[in-house]
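Work through the following exercises with the sequence and the model in view, and try each task before reading its solution.

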Amino acid sequence: MSITIPYQNIKYFNLTEKKDFKLEDGTLFGPITVAYETFGTLNAEKDNAVFIIHALTGDSHVTSAEDNDTVTPGWWDKLVGKGKAIDTDKYFVISSNAFGGCMGTTGPSSINPETGKQYGQSFPLITIKDMVKVQKKLVDHLGIHTLKTVIGGSLGGMSVIEWMSSFPDASDSFIVIAASYKTSSQIIAFYEVGRNAILADPNYNGGDYYESKHPDNGLTIARMLAHITYLSSHSIEEKFGRNFQNETKAGEYPYANFGPMFAIESYLRYQGKKFVERFDANSYLYLTKTMDIYDATNNAAIPLTDVLKNVKGKSLFISFNSDWHFTPADSWVMVKAMMELGKEVTYVNLDSPYGHDAFLLENNELESIVSSFIKNVRRI
Amino acid sequence: MKLPKEEINNIILNEIKEDSKVLDLGCGDGTLLKFLIDNKNVVGHGIDFNTEEIIKCIEKGISVIHWNLDNLPLDFPDSSYDMVILTQTLQQVYHPEKLILEILRVGKEAILSFPNFGSKSIRWQFLMKGKMPITSDLPNKWYNTPNIKLLTIKDFIDFCNENDIDIITQAYFKSDKGQHTKIKFLPNIMADIAVFKIRKNK
């Protein structure tokens, strides 16, 4: 089964037709195509562009605002759209599928023109720096010199940090939500179990599975596991508790042995099953690894203050107090570095019981913070 | 130059150098910090723990950091600010002693203001009514007050002497219907609010 992209307004930018895009490790790669969507109108001064970066498994479809034919929900509809915090009536919103992804931008499931087959594991181990460099090329291609803001959550927030480091002049402000400049070993551990589930799936076949059965079981298990890290013990308890999947009398169990007995089990299986319909296992391996490898300080070779020292505009960091994937302490380290540098930095640790997923859910405080912050952004 | 009605804000403004780095602890809705940014072009960070107040700061375009002043030590580097300001908040924290010492580590100088619990109106209410005093600067009842560590001007001066803290300037104010007027005579009895500029004696 191949992934179909249902979005009406998706556009493609051919970054390069040749093998001439220099990756962080020095090797050359190409061709590269970037799938992106834009919402709203770029003004004459070209100073109302907002670049939004998706998390691990997101895509360019950040909002359903301008889907004319069929409305497909956007992954950040709560925050982005007409009259929303990031108002597409005011701002020109750009969102692209990440380099290495599987929703239209070049990734391991793309065809390698040298072989005529999907790259699979011959795709290079790209980095967040490479992904951000591709995003910057798209912004250049759209004729925008300075963005109003670059915003993202989770892997998207890590990418914003890389923008602050690689392209500090390219935006008047930066918004980093539920993110860190490096992944903790606990989170690497969770993603490693997920990757192992994919690699151990007999259908994985060394990454060369596109013409046969896909490693759906492995990818399902990887998603089930990762999904737990996006929730909090409180939210999972509140939503599912020890409820059974079917009505059961006390002292009875509805299933023999290992069928989905509890509601939480069934929920995770459903989430995993739904995920394999829209995501490529190789992209999942590459993107999780990219996230785990990332350390903006290059494994402490550079002080964090040096990484962030060239930022000129305002920055905003937001964490959620129940998030254990990227914790408030992860945000604080960056905020502290910005304070030390005397930069204009704002930090809010929002009270939410929903864990890492909180940034995608309805949250009035998050919405007013983001909207007020962007309104007050000046040209650098 | 635009000046606010509040005499106390003017006193603070006069003590702030142009383009300096200022940290306003317990900045509330950011009114004072905005005033300092507009008039002295300071690089200012506000600190508050209340999300509603933080949002009001962001609406004003102020850089504000979410931090609880009872969470000590302050995780900010040594001497990273020219001036640290703590207005009408000292009496609301759990560890005022530790907080003042932290303020003088983080800032080269500090301005502190607090309601004087030695003022005559407070003394009068306590003596004659035998009840917890209520004033315009301390308007709450005993059971819902955020003001938990009340002090007098004399107490503060003693504290500075005991902790090698230099008092650089001081100003005393009488409150009347939300307006403050400067006074000099018998401050520990006459003043409702005290403002001190201090630094650590090296």
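**Exercise 1.** At what angle do helix H10 (residues 364-375) of chain A and H3(B) pack, and how far apart are their axes?

*Solution.* Before starting, note that this is a predicted model, in which local features need pLDDT of at least 70 and side-chain atom pairs count only at pLDDT 80 or more, while totals for chains, interfaces and linings use all residues. Residues are numbered from 1 along each chain as its sequence is written, and chains are lettered from A and ligands numbered from 1 in the order in which they are written.

Step 1. Helices (H or I, at least four residues) and strands (E, at least two) are DSSP runs, numbered from the N terminus. Axes are lines fitted to C-alpha atoms, for helices over the stretch in contact, and angles run from 0 to 180 degrees between N-to-C directions.

Step 2. The angle between H10(A) and H3(B) is about 20 degrees, and their axes are 8 Å apart. Angles under 35 degrees count as roughly parallel, over 145 as roughly antiparallel, 65 to 115 as roughly perpendicular and the rest as oblique, and H10(A) and H3(B) are therefore roughly parallel to each other.

Step 3. The crossing of these two helices is left-handed, a term used if the near helix is turned anticlockwise from the far one by less than a right angle, with right-handed used if clockwise.

Step 4. Two residues are in contact if their C-beta atoms, placed from the backbone, lie within 7 Å. From H10(A), Glu365(A), Ser368(A), Ile369(A), Ser372(A) and Phe373(A) meet Thr51(B), Ile55(B), Ile58(B) and Glu59(B) of H3(B).

**Exercise 2.** Find how many residues of each chain take part in the contact between chain A and chain B, and which element of chain B gives the most.

*Solution.* Step 1. On one side there are 17 residues of chain B, and they are in contact with 20 residues of chain A.

Step 2. In chain B, two or more residues each come from strand E2 (43-48), helix H3 (51-59) and strand E3 (64-66). H3(B) gives the most, with five residues.

Step 3. The side of chain B that touches chain A divides into eight nonpolar, six polar and three charged residues, where Ala, Val, Leu, Ile, Met, Phe, Trp, Tyr, Cys and Pro count as nonpolar, Asp, Glu, Lys and Arg as charged, and the others, Gly among them, as polar.

**Exercise 3.** Describe how helix H1 (residues 7-14) and helix H2 (residues 31-40) of chain B cross.

*Solution.* Step 1. The axes of H1(B) and H2(B) come within 11 Å and cross at roughly 50 degrees, and the two helices are therefore oblique to each other. Their crossing is right-handed.

Step 2. Asn9(B), Ile12(B) and Leu13(B) of H1(B) make the contact with Leu32(B), Phe35(B), Leu36(B), Asn39(B) and Lys40(B) of H2(B).

**Exercise 4.** Are Ile188(A) and Glu45(A) buried, partly exposed or exposed?

*Solution.* Step 1. A residue is buried if 20 or more other C-beta atoms lie within 10 Å of its own, exposed if 12 or fewer, and partly exposed in between.

Step 2. Ile188(A), which is found in helix H3 (residues 185-200) of chain A, counts as partly exposed because it has 15 C-beta neighbours inside 10 Å.

Step 3. Glu45(A) lies in the loop between strand E4 (32-39) and strand E5 (49-53) of chain A, and with 7 C-beta neighbours inside 10 Å it counts as exposed.
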